[in-house]
Amino acid sequence: CAGWADVDKKIPMSMDRMFMQCSQTKGFCGVTVAMLIEEGKISLDDPVAKYLPEFKELKVKVKGKKRTVAAKNVLTVRMVMNHTGGFPFDIPTKLKKGLNRVSLRETAKEAASLPLLFEPGTKTRYSNTGIDIGAAIVEVVTGQPWDLFLKERVLDKLGMKDSTFNPTDEQLSRAISLYNIKEGKKARYRLFHPYFPLPHNGSQIHPFAGGGLWTTATDQLKFYRMLMNLGVGDNGVRILKEETVKSLLATSTRPEKLGKYSLGLHADFKTGTMGHGGALGTSATVNWKNKTLILKVVQVRGKNKALNASLKKAADKFFPK
């Protein structure tokens with residue numbers, strides 16, 4: 001650990017400090033979807049409408065014109081999980097109220113009522129909405145709230161005791177402070193990110209698969225080591241079959257021309273890497289072929305070029321060539 005969890009109070013960074021991992025949550029959703037595919041309960045190419053009927057008839061915006069046309073392509077589970085479904089970054093209600101202030105099922109309903117930005121499967125557009133739809137499908141198939149399914153099948157089994165969508169007051173007392181940073185200027189404390197307004201816990205909080213999971217470095221390492229070790233946690237518990245990780249999480253599910261991304265994770269089977277970053281500067285990349293893991297935990301808004309350079313220098317020193 002290096003640096004401060006609170007710069008002004010000089011509280012040192014530690015492994016048990018809570019932080020909002022934001023979009024790294026997408027990989028957790030990907031694991032739950034992969035579980036159901038492994039069990040034969042979902043297929044990547046199933047129509048989303050098979051589970052969420054509101055997606056049966058979709059409209060697509062006509063570029064440059066104020067009209068829509070009926071979608072020609074069928075929206076599939078694959079598309080919502082790899083950002084090729086045609087959805088915007090997030091639905092209007094969540095952008096207005098907060099990204100963790102609307103339920104997964106309500107998110108899906110609102111998304112289905114809005115026109116897609118392009119024909120499903122033909123382009124990429126990074127979207128929290130698609131991942132939330134994937135989590136809503138998990139709810140339909142399992143009959144459980146997605147966050148409960150994730151807790152029982154992944155978090156608890158890996159021993160991730162501090163990973164939650166609704167942190168307690170005690171957990172929040174251990175939170176890493178958020179800072180605005182600008183090159184050449186002193187970091188400035190910020191109370192919260194506008195996407196996640198206060199309070200950070202309570203009955204108004206909803207699980208947000210696109211980026212709502214709080215966690216610690218200790219917990220995050222358990223999840224990414226499981227990916228690095230092809231489905232087996234440090235404690236010996238198998239979460240997914242080796243082949244499932246290789247074929248679904250470590251292999252891109254997009255058409256080749258649209259880049260490399262699997263189920264909520266950047267993935268390159270050839271090099272053996274997979275991982276994801278988060279809006280506040282966190283990132284994790286694992287390589288299952290050479291067994292390496294690089295995890296960065298910071299909480300900043302702004303371009304963190306200096307941090308990235310320091311990370312690369314540390315990684316180059318740590319990992320043998």
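Contact here means heavy atoms within 4.5 Å, and helices (H or I, at least four residues) and strands (E, at least two) are DSSP runs numbered from the N terminus. The model is predicted, so local features need pLDDT of at least 70 and side-chain atom pairs count only at pLDDT 80 or more, while totals for chains, interfaces and linings use all residues. Residues are numbered from 1 along each chain as its sequence is written, and side-chain values use heavy atoms, with hydrogens and water left out.

**Exercise 1. Follow helix H6**

Task: Check the span of helix H6 (residues 146-158), then find where H6 bends and what its buried residues pack against.

Solution: 
- Step 1. The expected span of a helix is 1.5 Å times one less than its number of residues.
- Step 2. H6 bends by about 40° at glutamate 152.
- Step 3. Next comes burial: buried means under 20% relative accessible area, exposed over 50%, and partly exposed in between (1.4 Å probe, protein chains only). Trp146, Phe149, Leu150, Val154, Leu155 and Leu158 of H6 are buried.
- Step 4. The partners of these buried residues are helix H1 (25-38), helix H4 (104-113), helix H5 (128-142) and helix H8 (217-228).

**Exercise 2. Describe how H4 meets H5**

Task: Give the angle and axis distance for H4 and H5, and name the residues that make the contact.

Solution: 
- Step 1. Two packed helices are described by the angle between their axes and the distance between the axes. Axes are lines fitted to C-alpha atoms, for helices over the stretch in contact, and angles run from 0 to 180 degrees between N-to-C directions.
- Step 2. H4 and H5 pack at about 120°, with axes 8 Å apart. That makes H4 oblique to H5, given that angles under 35 degrees count as roughly parallel, over 145 as roughly antiparallel, 65 to 115 as roughly perpendicular and the rest as oblique.
- Step 3. On the H4 side, the contact uses Leu104, Arg105, Thr107, Ala108 and Ala111. H5 brings Thr129, Asp132, Ile133, Ala135, Ala136, Glu139 and Val140.
- Step 4. Zoom in on glutamate 139, which sits in H5 and is buried at a relative accessible area of 16%. Glutamate 139 touches Leu104, Arg105, Gln144, Pro145 and Trp146, leaving aside residues up to four places away in sequence.

**Exercise 3. Inspect the backbone**

Task: Which residues other than glycine have a positive phi, cysteine 22 and lysine 291 among them, and how accessible are these two?

Solution: 
- Step 1. Cysteine 22 has a phi near 50° and lies in the loop between S3 and H1. At 5% relative accessibility, cysteine 22 counts as buried.
- Step 2. Lysine 291 has a positive phi of about 60° and lies in the loop between strand S11 (283-287) and strand S12 (292-296). At 43% relative accessibility, lysine 291 counts as partly exposed.
- Step 3. For a further backbone feature, take the peptide bond from leucine 198 to proline 199: this bond is cis, with omega near -5°.

Key
The bend at a residue is the angle between axes fitted to the seven residues ending there and the seven starting there.
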